[in-house]
Amino acid sequence: MKKVIFLVMLMIGAHLVFGEEPIDSQDATIKQEPTPEQNTTQDSQPQLPQLEPTPEQVAENNAVEQFNEQMRNANAALNSAMAFAKMGEYNKALELFTQSCKAGNAAGCFGSGLIYMHGMTNGVPDANTAVKYYAQACSGGDATACANLALAYDSGNGVTQDKKLATDLYTVA
C-alpha cells in the first residue's frame, strides 16, 4: 500500500513540475536545435580558434632554438676536434675543442685539458691551463675530467696539492 501511495505522489509531482505526462519516450526528451557553430557534418571536426603566441612564448622559443643550434655547433666542433686529434693535428684539434668548450660542451673542455696537460701542441705541458679545463668539464658532468682533476690535486700537478679535495673528486668520478 505504501508503494502505491508513493508512486501516485511521484506521478502527481511529475505532473505539477512538467505539466503533461509524456506519452512516449520521444516526448520526454528535450529537443535542441543546433546552433550555426554546431551545424557541421559528421565528418568535419570543430575548428579551434587560432591563437597567436605571446611575445614571451616567441622569445622562449627563440632561446630554445638558439640553444639547440649552439649545441649542434658544439657537437660538430667536438667531432671535428676528435678527428683532427686522431690525425695528430693537435693545434686544429685544440682550436675546435676550445670552441666546443666555450659553447657549453663538457667533452670539449676535457679534450682541451688533455691537449694542455700533455703538451700536444708545442711539446710543453701546461698543467695550470689543463686543470682549468678539467674543472670546467667536471662541473659540466664529465666524470673522466673529474678523475683527471682529482689526479692533479692528488699529485699537486698544476694546482696546490689537496688530498681531501682529490678524494672528493675521485668519489664524484
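In the predicted model, the buried residues of helix 3 pack against helix 4 (90-102) and helix 5 (106-117). The buried positions of helix 3 are Ala74, Ala77, Leu78, Ala81 and Ala85. An α-helix has 3.6 residues a turn, so residues three or four places apart point the same way. Helix 3 itself covers residues 55-86, and its 32 residues reach 46 Å from the first C-alpha to the last, close to the 46 Å expected at 1.5 Å a residue. Just after helix 3, Gly88 adopts a positive phi of about 85°.

The protein chain contains eight helices and zero strands. Of its 173 residues, 24% count as buried. The accessible surface of the chain is about 12,900 Å², and carbon and sulfur atoms contribute 57% of that area. Among contacts with a separation of 6 or more, 35% join residues 24 or more positions apart.

The largest nonpolar core has 20 residues, and those with the most contacts inside it are Met117, Val131, Tyr134, Leu149, Tyr153 and Leu169. Two or more residues of this core come from each of helix 5, helix 6 (127-139), helix 7 (143-155) and helix 8 (163-172). Helix 6 supplies the largest share, seven residues. When residues up to four places away in sequence are not counted, Val131 touches Met117, Leu149, Ala152, Asn157, Gly158 and Val159. A second, separate core has nine residues, including Ala77, Leu78, Phe97 and Ile115. Of these, Ala77 and Leu78 are also among the buried residues of helix 3.

Key: Residues numbered from 1 in each chain as written. Predicted model: local features only at pLDDT ≥ 70, side-chain atom pairs only at ≥ 80, totals over all residues. Heavy atoms only, no water. Helix = DSSP H or I, 4+ residues; strand = E, 2+ residues; numbered from the N terminus. Expected span 1.5 Å × (residues − 1). Buried < 20%, exposed > 50% of the residue type's maximum accessible area, 1.4 Å probe, protein only. Contact = heavy atoms within 4.5 Å. Areas by Shrake-Rupley, 256 points an atom, 1.4 Å probe, with all protein chains shown as cover. Core = buried A, V, L, I, M, F, W, Y, C linked by side-chain atoms within 4.5 Å.
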